[in-house]
Structure formats: structure tokens, C-alpha cells
Amino acid sequence: MGAARRGSALAVAALVAAVMWAGMAAAAVYEVGDKLGWTIMNNPDYGKWAGSKKFSVGDTIVFTYNKQFHNVIAVSKADYKNCDVTKPTATWSTGKDSVVLNTTGHHYFLCGFPGHCAIGQKVDVLVLSSAAPSMAPSMAPAPSSAGGGGSAGRAAAAAPSPHGNAASTVGCSLAVTIAASVLSVAAAGLNLL
């Protein structure tokens, strides 16, 4: 009967690890503009590109471009419509920028180089849902340090998260660490049976 218990414990540990891994791997990574990247060359249609995708909370969009000629600026809806770069909510300029979409709704991005937005180098990314139920406990946002709980704290919390190009690596290594821990505990439990 001891072998059956060990087999069952190992199967349960493997199942837990697989479920955790699936939750981490559910987020997608999208290259903005696909093969063209983030550019004004060849007249890419970023509206068509974004409309062909189904973005979920936790997905990452990657802007790839020549940093001598382009950048990425997150802006409000009004600033997006007017190609106004004077009040960005975030700015990236490395040439390979990963942005995690951490809230539902519209996320507006444009190129801040003069004239680029006006000729179409802007994208409205609509995030409709969460990719997968979260396995982590949710936490309430910290209260704003600006006295009356104004919108400044909420706006910063809702902005997309800038991440390095290793954003998916962090999630994967965390999943591997957790899975290894679960298997270690299961293996230790097997010795006790």
C-alpha cells in the first residue's frame, strides 16, 4: 500500500505543478505591427493590427523599432486623438520595449517623434478580459499619498507596466521554482509514508 500512496502523492504534486505552470503560461506576447514592427515605413495599419488580436490582462505587447527615429509614449484617449505628447503616462525608448497590459480597457500608445503620430504611428490596444483566473491573492491598491484620494494615484496604478524584455522569463522561473518546491515537499512526504 505504501507504493500506491507514493504514486498518488507524486501524481497530485505533478498535477498541482501543471496547473500552476498553465496559469503562468496563459499570457500572450504580441509584437506590435507583427513583422513590420513600430515604424512609419510601408504605411502599417496599427488599427487593423490591434483589431485582429484579442488582448487579455497579463498579455505583453512588444514595440520593436529603431530608437534613433522612434519611441513609444502611453497617453490618454484625448491626447491619442490629438497626437499630443506633452502629458505622457509612460515613455519608452530602448528600441525593444515590452509593456504588460495589466488592466482591461483601452491603452493608447503613439510615437512622440514630430509628425509620426499624425501619419498613423499610433495604436489603441483594447484589453477585454483576463487571460486566466489568477492563482495569486489579490491585494487592494495602497492609498494615495496625496491627501483626498484624488485620481492621480488611481491613474498611475492603471497605467501599463513597463517591463524589461525578460518579462516572460520572470513568470516562467517563478513557476519552475514553485513547481520544484511542490515536488520537493511531495518527495519529502513520500519518505514519511
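## Exercises on a predicted model

Ile 73 is a residue of strand 4. The model that holds this residue is predicted.

**Exercise 1.** Decide whether Ile 73 is buried or exposed, and list what surrounds this residue.

*Solution.* 
1. The relative accessibility of Ile 73 is 6%.
2. The cut-off for buried is under 20%.
3. Ile 73 is therefore classed as buried.
4. Leaving out residues up to four places away in sequence, Ile 73 touches Val 85, Pro 88, Ala 90, Thr 91, Tyr 108, Phe 109, Leu 110 and Gly 112.
5. Cys 111 lies 38 residues from Ile 73 in sequence, yet the C-alpha atoms of the two are 6.1 Å apart.

**Exercise 2.** Locate Gln 121, classify its burial and find a polar partner for its side chain.

*Solution.* 
1. Gln 121 sits in the loop that links strand 7 (105-110) to strand 8.
2. Its relative accessibility is 0%, so Gln 121 counts as buried.
3. The side chain of Gln 121 makes a polar contact of 3.0 Å with the side chain of His 70.
4. Beyond four places in sequence, the contacts of Gln 121 also include Trp 38, Thr 39, Ile 40, Tyr 46, Leu 110, Cys 111 and His 116.

**Exercise 3.** Describe the largest nonpolar core and state which elements each supply at least two of its residues.

*Solution.* 
1. The largest nonpolar core comprises 21 residues.
2. Trp 38, Phe 55, Ile 61, Phe 63, Phe 109 and Val 123 have the most contacts inside this core.
3. At least two core residues come from each of helix 2 (46-51), strand 3 (60-64), strand 4 (72-75), strand 5 (90-92) and strand 8 (122-130).
4. Take Phe 55 as an example: with residues up to four places away not counted, its contacts are Tyr 30, Trp 49, Ala 50, Ile 61, Leu 101, Val 125, Leu 126, Val 127, Leu 128 and Ser 129.
5. Another core, of six residues, lies apart from the largest one; Val 75, Tyr 80, Leu 110 and Cys 117 are among its members.
6. As background, nonpolar side chains in soluble globular proteins tend to be buried together.

Note on methods: Residues are numbered from 1 along each chain as its sequence is written. This is a predicted model: local features need pLDDT of at least 70, side-chain atom pairs count only at pLDDT 80 or more; totals for chains, interfaces and linings use all residues. Side-chain values use heavy atoms; hydrogens and water are left out. A nonpolar core is a set of buried Ala, Val, Leu, Ile, Met, Phe, Trp, Tyr and Cys residues joined through side-chain atoms within 4.5 Å. Buried means under 20% relative accessible area, exposed over 50%, partly exposed in between (1.4 Å probe, protein chains only). Helices (H or I, at least four residues) and strands (E, at least two) are DSSP runs, numbered from the N terminus. Contact means heavy atoms within 4.5 Å. A polar contact is a pair of N or O atoms within 3.5 Å; within protein, one must be able to donate a hydrogen and the other to accept it, and residues adjacent in sequence count only if both atoms are side-chain atoms.
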